[in-house]
Number of protein chains: 2
Amino acid sequence: MVNINENYLKLKAGYLFPEITKRVNTFLDSNPKNELIKLGIGDVTEPLPEACIKAMMNAVEDMGCRQKFKGYGPEQGYSWLREKIAYHDFQLRGCDIDSSEIFISDGSKCDTGNILDIFGKNNKIAITDPVYPVYVDTNVMSGNTGYINAENRYDDLIYLPIKEENNFVAQIPDIKVDLIYLCFPNNPTGAVATKDYLKSWVDYARFNNSIILFDAAYEAFITDESLPHSIYEIEGAKDCAIEFRSFSKNAGFTGTRCAFTVVPKTLMANTANNSKIKIWDMWNRRQSTKFNGVSYIIQRGAEAVYSEEGKKQVDCLVRFYLENAKIIREQLGTTKLNQVYGGIHSPYIWLKTPGGMSSWEFFDELLQKVNIVGTPGSGFGSSGEGYFRISAFNSRENIEKAMKRIKKYYQI
Amino acid sequence: MVNINENYLKLKAGYLFPEITKRVNTFLDSNPKNELIKLGIGDVTEPLPEACIKAMMNAVEDMGCRQKFKGYGPEQGYSWLREKIAYHDFQLRGCDIDSSEIFISDGSKCDTGNILDIFGKNNKIAITDPVYPVYVDTNVMSGNTGYINAENRYDDLIYLPIKEENNFVAQIPDIKVDLIYLCFPNNPTGAVATKDYLKSWVDYARFNNSIILFDAAYEAFITDESLPHSIYEIEGAKDCAIEFRSFSKNAGFTGTRCAFTVVPKTLMANTANNSKIKIWDMWNRRQSTKFNGVSYIIQRGAEAVYSEEGKKQVDCLVRFYLENAKIIREQLGTTKLNQVYGGIHSPYIWLKTPGGMSSWEFFDELLQKVNIVGTPGSGFGSSGEGYFRISAFNSRENIEKAMKRIKKYYQI
């Protein structure tokens with residue numbers, strides 16, 4: 001008889017986004033003509049940069065021509081893409097990252113999940129609360145969490161609350177943890193990390209031989225030049241951090257699929273019998289064995305992000321969403337929903353629900369009375385209770401329409 | 001201190017294909033002008049079907065247009081692709097497979113590795129020997145194999161030899177195993193399975209509550225209509241088998257990346273406390289949590305495989321490689337390398353090395369004296385020792401040139 005991975009049975013039944021879809025569909029069944037505006041899931045709406053389109057057109061053409069046709073590519077990604085990433089995203093910002101330390105993948109969701117393949121059991125794992133649910137669920141599946149308890153938390157995870165009181169950045173724990181997930185600019189709160197703050201994490205990790213799993217999927221939204229885009233801008237981070245990056249939120253690749261993970265060659269761990277092992281070797285073996293590289297066509301599209309036109313067009317896209325975020329922040333500020341956070345270096349606005357409503361109560365009210373879909377903060381963790389995420393990924397027209405509705409319903 | 005997955009330390013150091021690359025590079029360093037012909041790795045060489053190119057061109061255009069732009073798609077794949085697969089690949093062949101049972105992915109290598117995520121420890125796992133190395137290595141990484149022993153086999157795996165004596169198909173074991181990997185048409189031997197033979201496996205699996213992991217990546221090469229393309233052509237297989245399919249070898253998608261896995265909703269397993277669980281639910285949860293779907297552009301390319309022109313063009317591609325295989329078989333038959341198998345319903349020719357040479361001895365001779373690269377059979381497992389794989393994936397010109405060289409060196 002086949003044994004299954006029993007850890008799957010520990011997963012919470014109602015995953016956040018399916019629950020939202022269910023409630024939205026129930027509402028639409030009774031109100032089929034309603035013009036809902038969706039500011040829930042963090043999915044982009046604007047077309048890909050022209051430079052990426054052109055590059056992918058050429059790449060598709062290559063695939064139809066015997067001389068230029070590409071079969072299996074390197075599992076780690078083509079060097080022409082890895083080199084551009086290393087140069088533009090890291091070396092230009094003073095980070096000593098080599099192209100061989102860049103692993104191209106089809107998405108950060110995959111990478112943040114798959115990274116657990118190379119780690120053992122019995123690591124103490126810290127996540128912030130609220131947090132991107134994938135970090136939690138993939139740890140549950142890997143058997144790292146134990147069971148969920150009455151507070152809706154997994155027994156063996158260490159939760160670092162992020163709240164108004166700590167300016168939405170987690171305090172450095174006073175106990176020793178092995179793996180720490182950090183995400184800046186933060187999903188869902190939109191909070192950012194200063195260099196000093198990240199340095200305190202790097203110091204902590206080096207002191208405790210911990211590894212930081214740093215998710216920088218939203219780095220393109222940083223508008224203040226003093227803020228770090230990469231954890232490798234902090235000295236010593238190459239000895240204690242893996243960084244996840246994506247083309248989803250800067251170049252709009254959510255449906256195109258390309259991302260990358262940085263694993264420095266200096267990042268070491270100890271084996272059970274106390275010899276040193278390179279994390280790079282392990283991840284390289286994992287990717288070579290369980291992955292076959294990203295489509296040539298898509299990698300050419302990602303490469304174009306680094307061309308002169310590409311950079312301008314990506315910048316334009318990001319500024320468009322940031323302007324949406326600014327409109328949301330400002331308009332909400334004039335209503336009863338005026339306790340707003342994030343949305344400055346992030347496409348996400350994090351707001352406190354009015355009148356002490358729970359996140360889901362507010363979700364239902366906004367859905368039914370204002371016909372807007374957002375994301376309940378409690379879906380990201382217990383400490384998200386009483387908060388709500390609004391995404392700036394939408395057309396200007398929809399953002400303005402949504403704000404008009406909110407201003408009417410929640411006027412002071 | 002971070003614990004690593006210690007199972008990685010049990011992996012054999014020298015993986016087959018890197019070792020080949022190393023020897024080839026050493027040879028080329030001393031013979032830089034040599035015109036090596038590579039018939040080693042199973043990578044296609046001919047351009048993509050015109051229908052796929054057109055479809056991807058249109059899809060790239062969609063991504064540049066706000067109205068047609070696609071963000072996140074369903075993690076399981078777009079229904080328009082899943083439906084075409086279910087209809088053309090299964091329902092038309094009498095298999096009762098629904099589109100909801102098709103999970104689109106970026107490759108069979110990923111799927112055959114990732115599938116282990118949903119299974120527990122302590123399963124008895126059977127593989128054939130020789131075998132596609134990914135099945136073995138991913139089991140090592142998951143901790144299912146124990147250590148490698150003096151016979152170059154992992155202690156806890158059950159090896160089912162496939163040799164000349166059993167016509168290169170594994171005997172049904174007389175002990176009970178839980179998971180069985182089968183691949184037909186077989187990589188590396190090129191052997192095929194009849195319906196009767198597969199039925200005996202389905203009967204075995206149903207009797208023992210086992211699950212068959214059926215790799216049908218090469219089904220397009222079957223030329224005899226009486227042979228099954230899918231395990232679901234066998235009654236009862238929906239209760240005991242998962243099938244892996246790919247667009248790599250039929251439509252030449254090795255560098256384009258699209259595949260799919262079939263998980264029937266009737267496939268059940270028992271949990272530790274003896275309740276039933278649907279394997280479909282587990283795989284769906286795995287894919288929704290650790291995967292974000294295949295690029296819209298690539299899925300449109302795969303869809304075109306099922307158009308009228310697409311089908312004709314794929315057929316043409318497959319017949320081209322099959323004709324290569326036929327040439328290889330026939331020409332080798334006139335030489336000292338005349339013990340040849342496979343190559344009829346498969347792009348792979350499996351040959352017995354001449355004069356009792358070991359697989360690697362023959363590899364070196366073929367490389368250095370005849371300037372042809374193939375794959376040593378022992379790299380696929382101990383029972384592959386004394387055999388050698390020649391791939392028909394190349395241009396006609398190269399195949400003919402290679403055969404000329406072989407006929408000269410190995411003339412009788």
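Predicted model: local features only at pLDDT ≥ 70, side-chain atom pairs only at ≥ 80, totals over all residues.
Visitor: Before we start, what are the ground rules for numbering and for pLDDT?
Guide: Residues are numbered from 1 along each chain as its sequence is written, and chains are lettered from A and ligands numbered from 1 in the order in which they are written. Side-chain values use heavy atoms, leaving out hydrogens and water, while local features need pLDDT of at least 70, side-chain atom pairs count only at pLDDT 80 or more, and totals for chains, interfaces and linings use all residues.

Visitor: How are chain A and chain B related?
Guide: Chain A can be laid on chain B by a turn of 180 degrees and a shift of 0.0 Å along the axis, with an RMSD of 0.0 Å; copies are superposed by least squares on the C-alpha atoms of residues with pLDDT of at least 70 in both. The two copies are therefore related as by a two-fold rotation axis.

Visitor: Which residue of chain A comes closest to the rotation axis?
Guide: Going by C-alpha, the distance is 3.1 Å, and the residue is Met57(A).

Visitor: What share of the interface residues of chain A are also interface residues in chain B?
Guide: Contact here means heavy atoms within 4.5 Å. The copies meet through the same surface, because the share is 100%.

Visitor: How much space lies in the largest cavity?
Guide: On a 1 Å grid over the protein atoms alone, a cavity is a set of points where a 1.4 Å probe fits but cannot get out, and lining residues have an atom within 4 Å of a point. Grid points are joined across faces, edges and corners, and a volume is the space filled by probe spheres set on the points. By this rule there are 9 cavities of 30 Å³ or more, and the largest holds about 150 Å³.

Visitor: Which residues line the largest cavity closest to its centre?
Guide: Helices H4 (108-114) and H7 (279-290) of both chain A and chain B each supply at least two lining residues; helices (H or I, at least four residues) and strands (E, at least two) are DSSP runs, numbered from the N terminus. Of the 18 lining residues, the closest to the centre are Asn114(A), Asp106(B), Cys110(B), Asn114(B) and Phe291(B).

Visitor: What about the second largest cavity: which residues lie nearest its centre?
Guide: Its volume is about 100 Å³. Among its 15 lining residues, those nearest the centre are Asp106(A), Ser295(A), Asp106(B), Val294(B) and Ser295(B).

Visitor: What is phi of Asn167(A)?
Guide: Asn167(A) lies in the loop between strand E4 (157-161) and E5 of chain A. Its phi is positive in a residue other than glycine, near 60 degrees.

Conventions:
1 Å grid on protein atoms, 1.4 Å probe; cavity = no way out; pocket = protein on both sides within 12 Å on 5 of 7 lines; lining within 4 Å.
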